[in-house]
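Hi there,

Here is the structure I promised to pass on to you. Have a look at it first, and my notes on what turned up follow below.

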Amino acid sequence: MKVVLFCGGYGMRMRSGAADDVPKPMAMVGPRPLIWHVMRYYAHFGHTEFILCLGYGAHHIKDFFLNYEETTSNDFVLRGGRTELLSTDIADWTITFAQTGIESPIGERLRRVRHHLDGDEMFLANYADVLTDAPLPEMIDRFARRDAGASMMVVPPQSSFHCVELGEDGLVGGITAVSELPLWENGGYFVLRQEVFDHIPENGDLVADGCAQLAKRGRLVAHQHRGFWKPTDTVKERAALDDAYARGDRPWAVWEHDIASPAQPGVRA
């Protein structure tokens, strides 16, 4: 299945200064940027056709792949001055680089790359800045068996804040951690059918418009994931992932684990 990655936003909370024009998906985690980790996750499960929805700082993403160094993350032999790779990362990847506008909302970015999907009934989509160990084959298989227009991975609230229950007299009736509330939030991993385009207007949003309309029609399903899931909305969150990578604590790197990648029944990889 093709994978659409939204990687054209400003990422203001990740920027270290006015001169920093690196888009958030290019923030480093270990020796590779976030977008590489996300793409490697999909490739592990056999999904190697990527459509990058570019915008702000697009040249950084283009330059990274045009000048890709396989030796950075693969073993190799240097023989007679020539490099012999023992493994590769992206040799079998197909990457479409599509400029989708600087100010475009996520839904509009998706609309602008629709022709690159070749009318595929199902495809995958992602924000390109969230890492997870979610079982992608299970997520796809469940959706493939459902009569729905979209599937959204949802995760428990990540906030460390507490909600306060107040009475009319101002007395506190209870305090509950947000993470303990019966709530779920958007995890940023989507499995979509072409039907989603029917509900995204020009300059619309994928979630607020497309998914919300599908939900009203009973056409949106959720895949609940309680495992590893980490966003990188801030410098602090990116640094925490980078530190974890250095310690060898990287559950999102499913390609480093002995995890089988079963073929998806009825789904073209």
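Gly46 takes a positive phi of about 90°, and this glycine comes just after α1. Helix α1 itself covers residues 34-44, and since 11 of its 11 residues are buried, the helix is largely enclosed by the rest of the structure. By buried I mean under 20% relative accessible area, by exposed over 50%, and by partly exposed anything in between, with a 1.4 Å probe and protein chains only. Among the buried residues of α1 are Trp36, His37, Arg40, Tyr41, Tyr42 and His44.

Before you go further, please keep in mind that this is a predicted model: local features need pLDDT of at least 70 and side-chain atom pairs count only at pLDDT 80 or more, while totals for chains, interfaces and linings use all residues. Residues are numbered from 1 along each chain as its sequence is written, and side-chain values use heavy atoms, with hydrogens and water left out.

Now the chain as a whole. The protein chain has six helices and 15 strands. The C-alpha trace spans about 80 × 40 × 40 Å along its principal axes. Of the 269 residues, 46% are buried. Taking contact as heavy atoms within 4.5 Å, 75% of the contacts between residues at least 6 apart in sequence join residues at least 24 apart. The chain exposes about 13500 Å², and carbon and sulfur atoms supply 50% of that; accessible areas come from the Shrake-Rupley method with a 1.4 Å probe, and for residues only the protein chains shown count as cover.

On to the charges. There are 18 salt bridges in the structure, each being a side-chain nitrogen of Lys or Arg within 4 Å of a carboxyl oxygen of Asp or Glu. In one of them, Asp118 pairs with Lys2, with the closest N and O atoms 3.5 Å apart. The two partners sit 116 residues apart, Asp118 in the loop between α3 (106-112) and β8 (122-126) and Lys2 in strand β1 (residues 2-7). Asp118 is exposed at 59% relative accessibility, whereas Lys2 is buried at 6%. Both belong to a salt-bridge network that also includes Glu49 and Asp120.

Arg32 bridges to Asp89 at 3.6 Å between the closest N and O atoms, and both residues are buried. Arg112 and Glu108 pair at 2.9 Å; they are four residues apart in helix α3, so about one helical turn separates them. Arg112 is partly exposed at 38%, while Glu108 is buried at 6%.

Last, the surface. Val164, Leu166, Val172 and Ile175 form a nonpolar patch with about 400 Å² of accessible area together. Strands β11 (162-166) and β12 (172-177) each give two or more residues to the patch. Patches are made of residues with over 30% relative accessible area and no salt bridge, joining like charges within 9 Å and nonpolar side chains (Val, Leu, Ile, Met, Phe, Trp, Tyr) within 5 Å. Val164, in β11, is partly exposed at 47%.

Best wishes
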